[in-house]
Structures are given as structure tokens and as C-alpha cells.
Amino acid sequence: MPHRAFKNSLYEQFARIGHGVSSPKRIELLDLLAQGEKKVETLAEQTAMPVKNTSAHLRVLRQARLVETRRDASSIYYRLASERVFRFLRDLETLGRERLAEVERVTQQYLAGRDSLEPVTLTELRKRLRDGDVTVIDVRPRPEYEAGHIPGALSVPVAELKRRMKEIPKKREVIAYCRGPYCVYSVDAVTVLRRNGFRARRADKGFPDWRAAGLAVAAGE
């Protein structure tokens with residue numbers, strides 16, 4: 001194969017990955033699939049897209065070999081193709097925050113603007129869990145908790161928080177975590193908790209980051 005033909009062929013394949021993440025909705029789909037496998041209907045609801053559009057985006061991601069599928073009877077479940085895809089997603093987000101001032105501006109305006117307290121790092125969270133001096137709540141939807149969660153965390157989806165507040169001890173600090181560094185569920189949760197007299201902070205990252213760090217995970221109820 002001539003030198004130029006080789007290079008053309010090689011970079012054409014790399015560009016398939018770039019095409020896969022060239023849509024904001026496809027990046028969001030990857031972020032959601034980092035929580036665990038999901039059906040197209042669930043993904044459509046969580047991204048506020050019609051099922052037809054969601055399916056089209058998932059086809060592009062599958063063609064780029066970023067997602068895979070599993071069939072169960074009449075249902076098809078989508079998942080990330082590998083843990084390396086998740087690391088690529090986080091690297092993409094980190095690069096965007098480092099190189100694009102708008103990312104930092106939007107993040108500061110929405111997240112830091114609503115929560116001035118320093119988030120808890122995963123290293124600190126692990127230590128606090130080991131010491132037993134903190135209550136950790138997973139505020140993601142219940143199916144995501146059951147697919148995988150931090151051991152010892154309570155499942156309290158943010159939509160259920162107000163009516164289940166009595167289940168959370170007030171004597172210890174509460175740390176809420178959700179999907180990742182840009183997930184707003186934990187921001188909403190600590191806002192509600194503080195208004196009701198709890199000492200509460202959010203984790204700076206989410207469950208997929210905990211899992212990617214090689215820390216112990218639990219599944220099921």
C-alpha cells in the first residue's frame with residue numbers, strides 16, 4: 001500500500017470516532033450509558049428526544065464501535081463498548097474544560113453558582129465511608145443504582161428526596177453523588193437537604209468515575 005493511501009485509510013478510521021461524538025446528544029447518550037445498559041425508550045426519555053432520533057444517534061455510535069447491544073426477547077439494550085470508551089468520554093470533557101473557556105463559564109454559572117461549598121473528592125469520600133462518619137446517598141434513578149453503586153450508599157432518587165428525608169440521619173454529614181461531574185441531581189439534592197437542616201455536600205464526580213478508579217462496587221438492592 002502506498003504511503004499516502006495508508007495514511008488516508010488510517011485517519012479515515014480515526015475520524016469515525018470523531019464523527020461519533022460530533023453531536024452533543026450523542027455525547028450525552030454516552031454519559032447516560034456510562035451508568036449501565038439502557039433501552040432506547042429510556043434513553044429517549046432521559047435525553048428529551050423522540051425515540052426515532054435517539055435510535056438514529058445510537059446507530060452512529062454503534063457504527064463508530066462506541067456502543068454495543070444486547071437483545072432480550074423483544075427488547076434491545078445498549079451499553080458502552082468498553083471501559084475505555086468511558087475514559088475517552090471523560091478525557092474529552094476534561095480537554096473541553098481546559099481549552100474552551102465557555103465550558104468553564106457555563107459550569108461556574110450553573111454548578112458553582114448554586115453550590116459554593118467545595119465538593120467532596122472520591123478519595124475523601126472513600127475515607128469517610130471507611131471511617132463511618134458520613135451518610136452517602138445515590139440520587140440517580142433507582143435502575144441506575146441497582147445496575148451499580150458505591151457500597152454502603154442509600155438509594156434516594158432526587159425525585160423522592162423530599163418525602164423520604166426522614167430515612168436520612170441528621171447527626172452525620174450527608175454526601176450526595178450522581179452520574180458525574182456535570183450531573184445536576186446532586187446539586188439539587190444538597191440544596192433541598194440544606195434547606196431542611198442537614199449538613200450536606202456533593203461528590204465532585206459520579207459512580208462511573210468511582211468504578212473506573214478500580215474501587216469496590218455493589219449491585220442490586
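Visitor: Which helix does leucine 129 lie in?
Guide: This is a predicted model: local features need pLDDT of at least 70, side-chain atom pairs count only at pLDDT 80 or more, and totals for chains, interfaces and linings use all residues. Residues are numbered from 1 along each chain as its sequence is written, and side-chain values use heavy atoms, with hydrogens and water left out. Helices are DSSP runs of H or I with at least four residues, while strands are runs of E with at least two, both numbered from the N terminus. In that naming, leucine 129 lies in helix α7.

Visitor: What is the relative accessible area of leucine 129?
Guide: Residues are sorted with a 1.4 Å probe, counting protein chains only: buried is under 20% relative accessible area, exposed is over 50%, and partly exposed is in between. Leucine 129 counts as partly exposed because its value is 24%.

Visitor: And which residues does leucine 129 touch, not counting those up to four places away in sequence?
Guide: A contact here means heavy atoms within 4.5 Å. By that test, the residues that leucine 129 touches are Val134, Val136, Ile150, Pro151 and Trp210.

Visitor: What is the bridge partner of aspartate 138?
Guide: Strand β4 covers residues 134–138 and pairs with β5 in the parallel sense over two bridges. Within β5, the partner of aspartate 138 is serine 155.

Visitor: Which strands stand at the edges of the three-stranded sheet?
Guide: That open sheet has antiparallel pairing and the order β1-β3-β2.

Visitor: Which side chains of helix α3 are buried, and over what arc?
Guide: Helix α3 (residues 40–47) has Val40, Leu43, Ala44 and Thr47 buried. They sit on the same side of α3 because, taking directions from the helix axis to the C-beta atoms, they cover an arc of only 100 degrees.

Visitor: What is the relative accessible area of threonine 54?
Guide: Threonine 54 lies in helix α4 (residues 51–63). Leaving aside neighbours within four places in sequence, its contacts are Leu29, Val40, Leu43, Ala44, Thr47 and Met49. Threonine 54 is buried, and its relative accessible area is 0%.

Visitor: At what angle do helices α5 and α6 cross?
Guide: Angles under 35 degrees count as roughly parallel, over 145 as roughly antiparallel, 65 to 115 as roughly perpendicular and the rest as oblique. α5 and α6 are therefore roughly perpendicular to each other. The contact is made by Gly96, Arg97 and Arg99 of α5 with Ala101, Val103, Glu104, Thr107 and Gln108 of α6. The axes of α5 (residues 83–99) and α6 (residues 101–114) come within 5 Å and cross at roughly 95 degrees.

Visitor: What is the phi of arginine 65?
Guide: Most residues other than glycine have a negative phi. Arginine 65 lies in the loop between α4 and β2 (67–72), and at 64% relative accessible area it is exposed. Its phi has a positive value, near 65 degrees.

Visitor: To finish, what share of the residues in the protein is buried?
Guide: The protein has 10 helices and seven strands. Its C-alpha trace spans about 70 × 45 × 30 Å along the principal axes. Of its 221 residues, the buried share is 41%.

Conventions:
Two strands pair if DSSP finds at least two bridges between them. Axes are lines fitted to C-alpha atoms, for helices over the stretch in contact, and angles run from 0 to 180 degrees between N-to-C directions.
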